[in-house]
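Visitor: I am new to this structure. Please show me how to read its features, one at a time.

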Amino acid sequence: MTVLISTRHLVDRLRQPRARADQLRALRERLQRAGDASPANDEAVALARQMRELRERLDQAVGAVRSCSGCAVGHPEPFGHWQGGHCCGGRTEELFSNDELAALALAGTTPGRLTPPRSELAGCVFRGPTGCSLAVRDRPNLCVRFLCRELEAELTRRGDRREIAAIQAELARCFARFAALRADAALPWE
Ligand code: SF4
């Protein structure tokens with residue numbers, strides 16, 4: 001797989017801004033290490049799969065919203081580079097924490113699934129002018145769980161904020177338990 005990651009990096013260097021290509025390589029290598037490490041814990045695997053399902057449920061429940069397409073207007077770079085996706089303007093290596101990468105790897109996300117958009121780099125390597133280039137199942141839990149105030153207000157007006165909050169809370173509970181398991185020194189993961 002390391003050869004594949006190196007090959008993808010060479011291709012990315014030709015097609016992408018250099019900073020994105022290099023950040024992607026580092027991220028794919030970290031995900032690979034997380035996947036290679038022995039899970040050694042049935043509960044962790046079950047939680048990782050449950051979080052993948054919850055991410056997809058939460059994303060479907062939120063559905064099409066207006067807030068995310070205009071929230072970044074007037075903000076400084078890189079957040080305001082495009083009109084929407086302000087919360088995607090952060091640093092890739094911080095968004096994809098070791099806990100997030102371990103959860104993704106255990107739920108089946110591989111380095112090959114980490115495909116970027118064809119665009120300038122403005123924050124997270126997966127942020128493009130029309131949103132995130134990753135399938136919801138391959139995104140960090142934080143990305144799917146986070147609802148800014150503007151989006152919360154929109155959901156409240158729409159009338160299903162409470163149902164969405166319940167899924168959000170369940171995802172947060174699963175992630176906290178997963179992180180606690182990883183923090184246990186008995187688990188030999190990165
Ligand atoms: S992974 Fe996707 S949703 Fe998460 S910060 Fe990056 S672009 Fe945004």
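Visitor: Which residues is aspartate 138 in contact with, leaving aside its neighbours within four places in sequence?
Guide: Contact means heavy atoms within 4.5 Å. For aspartate 138, setting those neighbours aside, the partners are Phe96, Leu104, Thr109 and Arg113. This is a predicted model: local features need pLDDT of at least 70, side-chain atom pairs count only at pLDDT 80 or more, and totals for chains, interfaces and linings use all residues. Residues are numbered from 1 along each chain as its sequence is written, and side-chain values use heavy atoms, with hydrogens and water left out.

Visitor: With which side chain does the side chain of aspartate 138 make a polar contact?
Guide: A polar contact pairs N or O atoms within 3.5 Å; within protein, one must be able to donate a hydrogen and the other to accept it, and residues adjacent in sequence count only if both atoms are side-chain atoms. Here the partner is the side chain of arginine 113, at 2.7 Å.

Visitor: Is aspartate 138 buried or exposed?
Guide: Buried means under 20% relative accessible area, exposed over 50%, partly exposed in between (1.4 Å probe, protein chains only). Aspartate 138 is buried because its relative accessibility is 1%. Cysteine 87 has 44%, so cysteine 87 counts as partly exposed.

Visitor: How far apart are the C-alpha atoms of cysteine 87 and cysteine 124?
Guide: They are separated by 9.4 Å, with the two residues 37 apart along the chain.

Visitor: Which residues surround the ligand?
Guide: A residue counts if one of its heavy atoms lies within 4 Å of the molecule. The ligand is surrounded by Cys88, Leu95, Phe96, Cys124, Phe126, Arg127, Cys132, Leu134, Pro140 and Cys143.
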